[in-house]
Amino acid sequence: MAPIGKLNTPLVNFRGYKARIVSKYLNQELEVTPDFVIGKDTQTAEYQAKFPLGKSPTYEGADGFCLSDSSAIAYYLASKASDSPLLGKTAEETAEILQYILFAESDLTPAVINVLIPALMPEVPYIKPAVQAAEKQMARFLAALNTILIDKTFLVGERITVADIVVACDLVMTYKLYLEAADRKQYRNLTRYFKTMVAQPEFKAIIGDVKLCEKRIQPAAPAKKEKEKKKAEQPKKAEKKAEKPEVEEEKPAPKPKSKLDSLPPTSMPLDEWKRFYSNNDTKPDAMEWLWKNYDAEGYSFWKVEYKYNDELTQLFMTNNLIGGFFSRLERARKCAFGCLLTLGVANDNMIWGYFIVRGKEIPEEVTDAADFESFQWTAADHTDPKTRAEIEDCFAWEGPALPRECYDGKPNTAFKAIDKIAHLSEAEETRLDEMRASQTQMRGVLEKVLRKLGVPIRYAFAYGSGVYKQAGYGTESKPMVDLIFGVSHADHWHALNIARNRKHYSFMGTLGANAVAFVQDRMGAGVYYNPFVEVDGVMVKYGVVSMDTLSSDLLNWDSLYLAGRMHKPTLTLRRDPLMRITKQVNLTHAVRASLLMLPKNFTAQQLFQTIAALSFAGDFRMKVGGENPRKVHNIVEAQMPLFKSRYGSIIEGLPNLEYIGEDFLQQDMSPQARAAMLRKMPNNFYDRLVRQGRKAGIRLPPGLGAEQVNSEKLVAVDNIGHIANKAVESIVARPALTQSIKGILSSGISKSISYMYAKNSKYRSKN
C-alpha cells in the first residue's frame, strides 16, 4: 500500500506521536523521517517553500496537500477514513472532540512547556515566579481533567477518539518528567486514564513503554560566581576630587520628605520579606519567616475589599482590575506589600485580600493611587487567630480561611533590591522611579488606544522614542508611538480590522485580508505596519505579527527585526505566558553576543550600547540617512536605568560575567568559557558566525560533530568581535531592506515619503 503522505518530524517527539498513532488505528501507511532535525531541516529553502512558518511536525500528502500543526494533522488523517471511528458519532461528539483538542493545545501544553523548558534547555534562565505561575496553571488543568474523568474511560463517548490521542500525547512529558508518585495519587483518575491510553497496542507501537517519573526533573543550578574581587583589577578613578572652591555654591533645596522617613528604624526590611516570599513556598516557609520577623511597631496589617463587587462580571476582567490597581501603586513599592485575590466564579466574584504597610496608618504613597477610594481598607489585628489564618491563606492563595474559592491572585512584590542586582546609583534609582511613573501613565493612554481599536490582540508592546525619551531631542513635538501586536492568525485578524478600521490601511485594504496577510508573512520580517494612524487623539504606527513568527525570532534570531527591538526597553500592554520566557531567552542571547564583541573589562554603558546596536548592524537606513547615526548612544544615555533594570538579573545569573566596580564589568575570557557561551547562541547566529569565520580564513570543518572544535577556534582569534558583528549584519541586512520596501505597500507612497522625511529631519534639526 502506497503511503498516504509523509510526516516531517523526529521519531521521538510527543507532537509527532499524534498523527502516527491515528494512522496506526486506521491502518494507514504514513511515511516517517527518522533523520529529521528540527532547527536544521526546518530552515532549508525547500522546506520553507512548502511550510513558510518553519514548524514541525508537518504533513505532505501524496496528492501534494501540505499541513502544519500536530493536532490539525492528526484530525485530518482521522477524517481521511470513511465513517472514521476517531471523530465521534454525532455532531455533538465531534464538537466535544474539538473542544478537548483546542484545550490541550492552547491551555495545557503551553503551561507544561513553561514548567519544563528551564530544565530541558539549560540556556533558558530559570525564573522562579514565572515557573511557579506556570505550575499553578498546569495543576489547575490537570485537576480539571481529573474531575472530568471520574466516571469516564475516554474523554468523548465510549471509545477512543482523536481527543484522547491528542491529550494523551500532550501528557507524555508531564508523566515522564514531572509527576512523581505522590502527584499521580493526587490525580488518580487522570493517571488511570493515561495508563490506559499508553497501554493500547497502537500507542505502544509508536511510543513504546512509558516509564513514569520517579524524581521530578530540576533546572540546572547556575554556576556560582567568585565573590572576592581583586583590587588590582578594579579600574582606577580617572580624576581626583576637585579642590573645594573658595565660595561654596548654593545647595539645592532638599526634596520633600515622606512622613514615613520620620518613623523609627524597623527590624524587618520590607524588601527582605518580599524577596523571601517570592523565592520560597508560602506555607510554611514564608509565613514562618514573616511571623518570626514581623515588627508590630513598625508595620500594620489591613484587610482590603473592593466596594463594588456586585458590578464584577468576567473573572479575567476582575483580574485586570487588580493588575491596574497594582500598576498605580508604584509609589508604594517601598512601603507596602499585599495580595489581592479574585474569589468566586464568572458573574459572581469578588476582590479580597490583605496588605502590610509601613507605619500605623495608610501612607500617602498608597492613598495617592487613583482608584484607592474604590477599596475598603480596614485595620486588622494579626494576633487574632482567625485574622492570622486569613492572612496566611490570602498570601498562599488557598486555604479554608478564604471567604470563597480562589480563582487567581496577584501579589504586589516589586522590591527595591533591583538596585543591588542592577548596580543602580541613588540618582539612577530616582530616575527609574520617575520613568516607571511615566510608564504607568503611558500604559493607561495606550490601553485606551487598544480598546478603541476593538479587535482581539493576544500580545502587545510599545517601543521607541514615542514611549521612552532619547537624548538629543527636545519636547517641541510628540513622536509617533510605535506598537507591535502579536496575533494568532494574521488573515483572520486583518479581516476583523479591515471591517472595523478600513481607513488604517493603504490600497492593500481593498485587496482583502488574505492579500494583506500574504504580504505580512512572505515579505520582510513578518510584520505588517499601519503608520500615521490617529486613535483617540494619539498618533501611532502599529505592526501586526503572528505569535509564531515573533516567538521564533526571539528564540532563533531569524531576522532580529523584532528580537532586536525588544533588546531595548519596551512597554508591555498585553501579556502572554509564553512571551515571559522567550523574552528572557532573547535578552540573554543579546548579552552573550555582545560579550563576543567586548574586551575583558568594560563599562555597563559599553555593554548596553553594544546590545542596542545589534539590531542596527547591517540596516541600510543607518547608511543612507534614514536613522540618526547617534541613535544608539542617545537611546542608552537617556534610558540607562531602564537598561540596568532590564538586564540586571541576567548579568547576575551568567557565570562568566560580573561587576568589578560601581559601573564596571569583567567577563571570563578563557577559551572554554567563551566557547561554551557561543554554543548556547541561536543556531542561525552560530551558522552565520561559522560562515563569516571561514571568509576570514579560519579553517572550520563542516558537520554537527565539529561544533565544539569550531567554537573553540572561533573564540581564540583576535578579531572574533568583528566576525560576530559581521554575523549579526548578515542576519539583519536583508529583512531590514525588504521590510522597508514592504512599507511602500503597507503604508502607501505618500505615507512612506512622509515617514522617511520625518525620520531624516528629526535629527537633522538637532545637528
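Student: How many bridges join strand S11 (residues 481–487) to strand S13 (residues 538–546)?

Tutor: In this predicted model, local features need pLDDT of at least 70, side-chain atom pairs count only at pLDDT 80 or more, and totals for chains, interfaces and linings use all residues. Residues are numbered from 1 along each chain as its sequence is written, and side-chain values use heavy atoms, with hydrogens and water left out. Strands S11 and S13 run parallel, with Val-487 opposite Ser-546 in S13, and the number of bridges that join the two strands is 7.

Student: In what order do the 5 strands of this open sheet stand?

Tutor: Strands (E, at least two residues) and helices (H or I, at least four) are DSSP runs numbered from the N terminus, and two strands pair if DSSP finds at least two bridges between them. The edge positions belong to S12 (528–535) and S14 (571–574), each of which pairs on one side only. The pairing of the sheet is mixed, and the order is S12-S13-S11-S10-S14.

Student: At about what angle to S13 does helix H17 (residues 490–500) run?

Tutor: Axes are lines fitted to C-alpha atoms, for helices over the stretch in contact, and angles run from 0 to 180 degrees between N-to-C directions; contact means heavy atoms within 4.5 Å. Helix H20 (residues 547–556) lies across S10, S11 and S13, at about 85° to S13. Helix H17 lies across S11, S12 and S13, and its angle to S13 is about 150°.

Student: Which residue takes a positive phi in the hairpin of S12 and S13?

Tutor: The hairpin has 2 residues between its strands. With a relative accessible area of 48%, it is partly exposed, and the residue is Asp-536.

Student: Is Asn-27, which has a positive phi, buried or exposed?

Tutor: The phi of Asn-27 is about 55°, although this residue is not a glycine. Asn-27 lies in the loop between H1 and S2. Because its relative accessibility is 63%, Asn-27 counts as exposed.

Student: Which strands stand at the edges of the sheet of 4 strands?

Tutor: This open sheet has mixed pairing and the order S2-S1-S3-S4. Within the sheet, S1 (residues 5–8) and S3 (residues 58–61) run antiparallel and are joined by 4 bridges, with Glu-60 as the bridge partner of Lys-6. Each edge strand has a single partner strand, so one side of each is left without a neighbour in the sheet; these strands are S2 (30–31) and S4 (66–68).

Student: Which residue is joined to Ser-56 by a cis peptide bond?

Tutor: The omega of this bond is near 5°. The residue is placed in the loop between helix H2 (45–50) and S3. The bond runs from Ser-56 to Pro-57.

Student: Of the 767 residues of the chain, what percentage count as buried?

Tutor: The secondary structure of this chain comes to 30 helices and 17 strands. Residues 24 or more positions apart account for 73% of the contacts with a separation of 6 or more. The buried share of the 767 residues is 49%.

Notes: Buried means under 20% relative accessible area, exposed over 50%, partly exposed in between (1.4 Å probe, protein chains only).
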